[in-house]
Amino acid sequence: MNGLKMRNSGLVLLPLLVASVYTGNILLFPVDGSHWINMKIMIEALHAKGHNITVMRASDSWYIEETSPLYTSITLRSSAIFEQEFMQNVISRFLEIMREGSMWARLKLEKEMWDMSLEIIEKERRQVISMIEDQELMQSLRDAKFDVFITDPALMSGPILGHYLNLPFVFNVRWTIYHEGHFAIAPSPLSYVPLPMLELSDHMSFFERVVNVVIFIVTELQIKYFIASSYNELCNKIFGPGVDYFELVQGADLWLFRVDFTFEFPRPTMPNVVYVGGFHCKPSKPLPQDLEDFVQSSGDHGVIVMSLGTMVGQLPHDVASSIAEAFAELPQKVIWRYKGDRPSTVGNNTLIMDWIPQNDLLGHPKTRAFVAHGGTNGIQEAIYHGVPIIGFGLVWDQPDNLSKMRVKGVAKNVNFAAVDKDSFLLTLNEVLHDPSYRENMQRLSRLHRDVPIKPLDNAVFWIEYSMRHGGAAHLRTQSYKMPWYSYHSVDVLLFLLSVLTFTAFTTFTVIRHVCYRLCIKKKATS
C-alpha cells in the first residue's frame with residue numbers, strides 16, 4: 001500500500017519536476033560599453049537558472065567577449081557601434097568644450113553631440129542592412145527556435161531584429177534612441193514630468209514648465225525631421241512600406257527599466273513596465289588585505305572613494321592636480337580610480353589605482369562619500385549602500401542623474417568648467433560634515449531595499465514569464481497604434497465642439513424665428 005502511494009506521489013511530482021528544470025532558448029542583442037555591464041549580470045542570473053543563451057556581438061566589440069562559459073556568441077561581420085577609442089575621443093572633446101564655460105561653448109557641445117549621434121545612426125544603419133541581408137545568419141537564427149529576444153533600445157538594431165525574427169522581445173532599458181524610455185511608452189504630462197537633460201525636478205515653477213514644453217516641442221521636431229525619417233526609410237527597405245520604427249519600439253512585450261522611484265521622480269507608468277533599478281547591486285565582499293589595511297588606517301575619519309566610470313580614464317592635468325591637492329588637505333583617506341599621469345600634488349592619504357572593487361568599497365562601513373561622474377550604475381550602487389555623492393556630471397545623462405540626487409538631498413555637484421582646489425574642497429567638506437546628506441541617502445537606501453522581491457530576481461521572473469506565455473501582449477496597450485489626434489481625443493473634441501456649435505446655432509435660429517413670428521403677429525393685431 002505504501003509503495004502504491006509512493007508511486008502515485010511520484011507521478012504527481014514528475015510534471016512539477018520537469019517544469020522546474022525546463023530551460024529556455026534566449027537570444028540577446030546587447031549594447032556595448034557600460035550597458036553591457038548590466039546585461040552581463042542578467043545573463044549570469046539566467047545562466048544560473050539553466051537557460052541557453054546566445055549573444056550577438058560585433059567583431060571588434062569593446063567589452064563583449066567572444067568566448068564565455070555563460071553564453072554562445074555569434075560574431076557579426078560589421079564593426080562595433082561604440083568603439084573604445086572613438087568614445088574616449090568624443091568624451092575628451094566634450095570635456096574640452098565644457099571647460100570653456102560659455103553659452104557659445106554650450107551650443108558647441110550640443111552641436112558636437114548632435115553630429116556624433118548622426119554619425120552613430122549612419123554607422124548603425126549600415127550594420128543593420130548588412131546583418132539582415134546575411135540570409136544564412138537570419139536562417140540560422142530562425143532555425144534555433146528562440147523563446148525570447150532581449151535587447152537594449154538605446155540603438156535601433158535590436159528592435160528591428162526582434163521584429164524581423166517575429167520573436168517576443170524584452171527590453172533592458174533606460175534610454176531609447178529618441179528619449180528616456182518612459183517618454184516612448186507611458187503618458188508623460190509635461191506639467192510635472194521633466195524632460196531628460198534639463199536638470200529640472202517634478203516641482204517646476206511656471207517658467208520652468210515653459211522651458212520644459214518648449215524644449216519638448218523642439219526635440220519632437222528634431223526627431224521627426226532628422227531621426228525618424230532615417231529610421232522609417234530603413235524599416236521600409238527591410239519590411240516594406242508603412243512600418244514605423246517608433247511603433248516597433250513601442251511594441252515590445254516587456255520593458256525592464258534600470259531605475260526605480262528612489263532614483264526617478266514619481267510619474268505615470270504602464271502595465272508592461274517592470275522596475276529593476278539597482279539589480280546589479282549586491283552586498284559588499286571583503287576587500288583584498290592590502291586595501292583593507294589602507295581603509296582601516298583611516299581611523300574614525302573614514303575613506304572617500306572616487307571613480308569617473310569606465311570611459312573617463314583621465315582628466316585635464318590641471319583639474320587632476322587641483323583634485324589631488326584638495327584631497328591632500330583632508331583627514332580622510334582617499335581611494336581614486338585613475339589611469340592618467342599621476343598628479344604631482346597627490347598626498348600621502350591618497351591611493352591611486354587602475355581598477356577598484358567599487359561595490360565592495362561603497363559597502364564598507366568606513367566609506368564616507370563617493371566622488372562620481374553621475375552614471376546610472378554608480379549612483380544606484382551609492383543608493384544601495386547609503387553613501388552620499390559629490391558629482392561631476394560630465395556628459396549625456398550624468399548631469400540630469402545628479403540633478404535628481406541633488407533634489408533628494410543626497411548629492412552636491414561640482415562645476416567641472418570652473419573646478420579648482422578651493423571649490424572642490426568646499427564641496428567635499430559640505431557633504432562630509434553636513435549629516436543631512438548621509439541621513440537622506442540612508443533613507444533612500446532603506447526604501448530601495450524594502451521590496452518583496454530582489455530586482456534581479458524580478459527581472460528573471462518576467463523574462464521567464466515572457467518565455468512561458470509567448471510574450472506579454474495582454475499587458476501592452478494599443479495606444480501606440482493610434483494616430484496622435486485619436487490618442488489625445490482631438491477628433492472627439494472637434495466632433496463634440498461641432499455638435500455643440502450646431503446645437504447652439506440651431507437653437508439660436510429657432511428662437512430667432514419664433515421671436516420674429518411673434519413680432520409679426522403682434523404687429524398684425526395692433
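Two residues are in contact here when heavy atoms of theirs lie within 4.5 Å. The legends below describe a predicted model.

**Figure 1. The protein as a whole.** The secondary structure comprises 19 helices and 13 strands. Along its principal axes, the C-alpha trace spans about 115 × 80 × 55 Å. Of the 526 residues in the protein, 51% are buried. Among contacts between residues at least 6 apart in sequence, 65% join residues at least 24 apart. The accessible surface comes to about 26,200 Å², and carbon and sulfur atoms account for 58% of this surface. The protein has 48 positive and 54 negative charges, whose mean positions are 10 Å apart.

**Figure 2. Lys 421 and the residues it touches.** Lys 421 belongs to helix α15, which covers residues 421–433. Leaving aside residues up to four places away in sequence, Lys 421 touches Ser 322, Glu 325, Ala 326 and Glu 329. Val 249 is 172 residues from Lys 421 along the chain, and the C-alpha atoms of these two residues are separated by 46 Å.

**Figure 3. The aromatic pair of Phe 327 and Trp 336.** A pair of aromatic rings is described by the distance of the centres and the angle of the planes. The count of aromatic pairs in this model comes to 17. In the pair of Phe 327 and Trp 336, the ring centres are 5.9 Å apart and the planes meet at 70 degrees; because an angle over 60 degrees counts as edge-to-face, the pair is given that name. Phe 327 is buried, because its relative accessible area of 0% is under 20%. Trp 336 also has a relative accessibility of 0% and therefore counts as buried.

**Figure 4. The aromatic pair of Trp 462 and Tyr 465.** The ring centres of Trp 462 and Tyr 465 are 4.8 Å apart and their planes stand at 55 degrees, so this pair is tilted. Both residues lie in helix α17 (residues 455–468); because they are 3 residues apart, about one helical turn separates them. Trp 462 is partly exposed, with a relative accessible area of 21%, whereas Tyr 465, at 16%, counts as buried.

**Figure 5. A cluster of rings, and charges over rings.** Phe 169, Phe 171, Trp 255, Phe 257, Phe 261 and Tyr 275 are linked into a cluster by ring pairs. Elsewhere, a charged residue sits over an aromatic face. Arg 267 lies over the face of Phe 183, at 5.7 Å from the ring centre. Lys 333 is placed over the face of Phe 294, at 5.0 Å from the ring centre.

Terms used:
Residues numbered from 1 in each chain as written. Predicted model: local features only at pLDDT ≥ 70, side-chain atom pairs only at ≥ 80, totals over all residues. Heavy atoms only, no water. Helix = DSSP H or I, 4+ residues; strand = E, 2+ residues; numbered from the N terminus. Phe/Tyr/Trp six-rings, centres within 6.5 Å; stacked < 30°, edge-to-face > 60°. Buried < 20%, exposed > 50% of the residue type's maximum accessible area, 1.4 Å probe, protein only. Lys NZ or Arg CZ within 6 Å of the ring centre and 35° of its normal. Areas by Shrake-Rupley, 256 points an atom, 1.4 Å probe, with all protein chains shown as cover. Lys, Arg positive; Asp, Glu negative; His and termini not counted. Charge placed at Lys NZ, Arg CZ, Asp CG, Glu CD.
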